[in-house]
Amino acid sequence: MVLIQNMEKISFLFSLLLLLVFGFVNGSPPKEAVGVYELKNGDMSVKFTNWGATIISVVLPDKNGKLGDIALGYESVKEYMNDTTYFGALVGRVANRIGGAKFSLNGTQYKLVANEGKNMLHGGPKGFGDVVWKVKKYKKDGPAPYILFAYDSYDGEEGFPGALKVTVAYTLLAKNKLSVTMKAKVVKKYTPVNLAQHTYWNLGNHDSGDILSEEIQIFASLYTPVDSQLIPTGKLEPVKGTPYDFLKLQTIGSRIKELPKGYDINYALDGTPGKMKKVAVVKDKKSGRVMKLFANQPGVQFYTGNMIRNVKGKGGFVYKAHAALCLETQGFPDSVNHPNFPSQIVTPKKLYEHNMLFKFSIAS
C-alpha cells in the first residue's frame with residue numbers, strides 16, 4: 001500500500017515537473033490563449049487576434065482627418081471562431097480552391113478534406129484561418145512596431161502531406177504602410193503551400209455600405225477563367241474586352257452586372273515572377289482614401305464580397321453583398337492540378353516566402 005502511494009506521489013510530482021519545465025502534462029501542449037494585439041504608428045492603428053493570425057481592424061484618417069475603420073470584422077474575438085467569411089484571416093495551407101479536393105505529387109494521390117461541395121476552399125474546414133497561432137514576437141514601440149505569429153502544421157493536416165512551420169509578420173511602417181511577410185518551411189516531405197491574407201476592405205469605412213462606387217486598377221493583362229464551381233479551366237486569357245479589364249482605373253460597379261454574382265477571379269499579374277510588383281490601386285472619392293498594394297506573388301484574387309449575406313459585424317452593423325473587396329495575392333488557384341500554372345510545391349531546400357505591402361494615402 002505504501003509502495004502504491006509513493007508511486008502515485010512520484011507520478012504526480014513528475015507530471016508537475018513536466019508542466020513547469022516543458023509546459024505540458026502527459027505530452028499534451030497547453031492551449032494557447034486567444035487575445036487581441038494592437039500596433040500603432042502615427043495616425044494608423046491595426047488590431048489583430050492570434051485566432052487565424054487575423055487582422056480585425058485597420059484605422060486610418062480620411063481626407064478630413066477623421067479616423068475610421070476600413071476592415072470588415074466582428075465585435076468580439078469569439079465570433080471569429082464561428083466565421084465562414086474568413087474576415088481578415090491568414091488562410092492556408094493552400095488558399096483558394098483545389099478541384100475535387102485532391103492532387104497527385106511524386107506519384108502519390110492525396111485526398112483532401114472537401115468543404116465547398118466536392119472541392120477544397122482555403123485549406124479545408126479547419127484551415128490556418130481556424131486555428132490558434134502562437135505569438136512569437138510582439139514589439140509595440142519604435143519606428144516599425146510588429147507582431148510575429150507562428151503555427152506548426154502537422155503531417156496529414158486536412159489531408160496535406162508533410163509537417164510545415166509557418167510564420168506571418170505584420171509590421172506597421174511610417175507614413176501609413178502595412179507590411180505582411182508570410183513564410184513556410186517544410187520539415188521533410190514535399191507539399192503545396194499557398195498562403196493568402198483575406199482582409200475585406202472598404203475604404204469608406206467598414207460600415208459605409210457597398211464598395212461599388214470605389215475605383216480600382218489591377219496591373220494584370222491576363223486572368224484565369226473558371227468553370228461553374230470557380231475552378232480554373234487551366235487557360236490564361238486576356239482581360240481586354242471583358243468585364244475583368246481594370247488595366248485603367250475604373251469604378252468597380254461599372255460592369256459588375258455583366259457577371260452572375262460579382263467578381264471572384266484570379267488575375268495573372270504583370271511583372272517579373274518572384275519580384276515585388278504593383279498589384280492594384282483602390283480609391284474612394286468620398287473619404288479620399290487611397291490603397292496601393294505591392295506583392296511578390298504571381299496572382300491576385302479580386303473578390304467583391306458576393307457571398308456576404310446579412311452578417312452582423314462591428315458595432316452591430318449588418319454587412320450585405322459587396323460590402324467590401326478582397327485583394328488576395330497568391331499562387332494561381334488549383335495550381336496543383338495544372339502543370340502549366342506556377343508551381344506551389346515547397347521542398348526542404350525551397351523556403352516559401354510571400355511578401356505584401358499596403359500603402360495608404362489621401363488623394364491629392
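This talk goes through the annotated sites, the nonpolar cores, the aromatic rings and some backbone details of one predicted model.

Residues are numbered from 1 along each chain as its sequence is written, and side-chain values use heavy atoms, with hydrogens and water left out. Because this is a predicted model, local features need pLDDT of at least 70 and side-chain atom pairs count only at pLDDT 80 or more, while totals for chains, interfaces and linings use all residues.

I start with the annotation. An unreviewed UniProt entry places the feature "binding site" at Asn96, Arg97, His198, Thr199, Tyr200 and Asp264. The UniProt positions are in the numbering used here, the feature names are shortened, and annotations may be inferred rather than shown by experiment. Of these residues, Asn96, Arg97, His198, Tyr200 and Asp264 are included in the lining of the largest pocket. On a 1 Å grid over the protein atoms alone, a pocket is an open set of points where a 1.4 Å probe fits, with protein on both sides within 12 Å along at least five of seven lines; lining residues have an atom within 4 Å of a point.

Asparagine 96 lies in the loop between strand 5 (89–91) and strand 6 (97–98). Strands here are DSSP runs (E, at least two residues), numbered from the N terminus. Is asparagine 96 buried or exposed? With a relative accessible area of 2%, asparagine 96 is buried. Buried means under 20% relative accessible area, exposed means over 50%, and partly exposed is in between, using a 1.4 Å probe and protein chains only. Leaving aside neighbours within four places in sequence, asparagine 96 is in contact (heavy atoms within 4.5 Å) with Met120, Leu121, His122, Gln301, Gln330 and Pro333.

Histidine 198 sits in strand 15, residues 196–198. Its relative accessibility is 3%, so histidine 198 counts as buried. Beyond four places in sequence, the contacts of histidine 198 include His122, Phe87, Cys326 and Glu328.

Next, the interior. Nonpolar side chains tend to be buried together in soluble globular proteins. A nonpolar core is a set of buried Ala, Val, Leu, Ile, Met, Phe, Trp, Tyr and Cys residues joined through side-chain atoms within 4.5 Å. The largest one here has 62 residues, and Trp133, Tyr267, Phe302 and Leu327 have the most contacts inside it. Apart from it lies another core of 14 residues, among them Leu72, Tyr303, Ile308 and Val311. Leucine 327, leaving aside neighbours within four places in sequence, touches residues including Ile216, Val282, Met291, Phe302 and Met356.

How many aromatic pairs does the structure hold? There are 25. Rings of Phe, Tyr and Trp (its six-membered ring) pair if their centres lie within 6.5 Å; planes under 30 degrees apart count as stacked, over 60 as edge-to-face and the rest as tilted.

Now the backbone. Most residues other than glycine have a negative phi, and most peptide bonds are trans. The peptide bond from glycine 92 to arginine 93 is cis, with omega near 10°, and arginine 93 is in the loop between strand 5 and strand 6. Alanine 53 has a positive phi of about 45°; alanine 53 lies in the loop between strand 2 (44–49) and strand 3 (54–61) and is buried at 0% relative accessibility. Leucine 230 also has a positive phi, near 65°. Leucine 230 is in the loop between strand 17 (222–224) and strand 18 (237–238), and counts as partly exposed at 28%.

Lysine 359 is 65 residues from phenylalanine 294 in sequence, and their C-alpha atoms are 8.4 Å apart in space. Lysine 359 is partly exposed, at 30% relative accessibility.

Notes. Helix = DSSP H or I, 4+ residues; strand = E, 2+ residues; numbered from the N terminus.
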